[in-house]
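Work through the exercises below with the model open. Try each task before reading its solution.

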Amino acid sequence: MKNNMFPLLCGTVLALGLVSTSCDSKTSSETGGNVGQTAAADAKPVAVPSFNADSAYQYVAQQVAFGPRVPNTPAHRACGDYLIQKLKDLGG
């Protein structure tokens with residue numbers, strides 16, 4: 001049951017992120033046409049980890065290797081377990 005909730009949780013987080021970033025209560029006329037200009041001026045640099053294309057490819061290749069991941073099949077559960085373990089390993 002725990003593995004079945006993972007795709008739902010990911011979808012929910014993605015949807016909430018899209019909704020929260022796409023909704024702006026002020027229109028450009030209310031802000032003088034400079035929507036986002038204040039936020040850009042107040043932005044602080046963020047340390048972004050380097051992207052390793054080889055590692056990214058290996059993660060995707062591992063997921064594809066499980067085969068078709070039809071819900072409630074062994075391949076679906078195995079891929080879910082793999083993703084959970086990878087996120088735990090990367091998250092500390």
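**Exercise 1: A residue in a helix**

Solution. Helices are DSSP runs of H or I with at least four residues, strands are runs of E with at least two, and both are numbered from the N terminus. The classes are buried (under 20% relative accessible area), exposed (over 50%) and partly exposed in between, with a 1.4 Å probe and protein chains only. Now look across to Y59. K86 and Y59 are 27 residues apart in sequence, and their C-alpha atoms are 9.1 Å apart.

Basis of the values. This is a predicted model: local features need pLDDT of at least 70, side-chain atom pairs count only at pLDDT 80 or more, and totals for chains, interfaces and linings use all residues. Residues are numbered from 1 along each chain as its sequence is written, and side-chain values use heavy atoms, with hydrogens and water left out.

**Exercise 2: The helix pair**

Task: Describe how α3 and α4 pack.

Solution. Start with the geometry. Helix α3 covers residues 53-65 and helix α4 residues 74-91. Their axes are 9 Å apart, at an angle of about 155 degrees. That makes α3 roughly antiparallel to α4. Axes are lines fitted to C-alpha atoms, for helices over the stretch in contact, and angles run from 0 to 180 degrees between N-to-C directions. Under 35 degrees counts as roughly parallel, over 145 as roughly antiparallel, 65 to 115 as roughly perpendicular, and the rest as oblique.

Next, list the residues. From α3 come Y59, Q62 and Q63; from α4 come C79, Y82, L83, K86 and L90. Contact means heavy atoms within 4.5 Å. By class, the contact of α3 with α4 has five nonpolar, two polar and one charged residues. Ala, Val, Leu, Ile, Met, Phe, Trp, Tyr, Cys and Pro count as nonpolar; Asp, Glu, Lys and Arg as charged; the others, Gly among them, as polar.

**Exercise 3: One residue of the contact**

Task: Which residues does Q63 contact beyond its neighbours within four places in sequence?

Solution. Q63 sits in helix α3. Q63 is partly exposed, at 25% relative accessible area. Leaving aside the neighbours within four places, Q63 touches R69, C79, Y82 and L83.

**Exercise 4: The loop**

Solution. N72 is in the loop between α3 and α4. Its phi is near 70 degrees, a positive value in a residue other than glycine. Most residues other than glycine have a negative phi.

**Exercise 5: The whole chain**

Task: How many helices and strands are there?

Solution. The protein has four helices and zero strands. Of its 92 residues, 10% count as buried.
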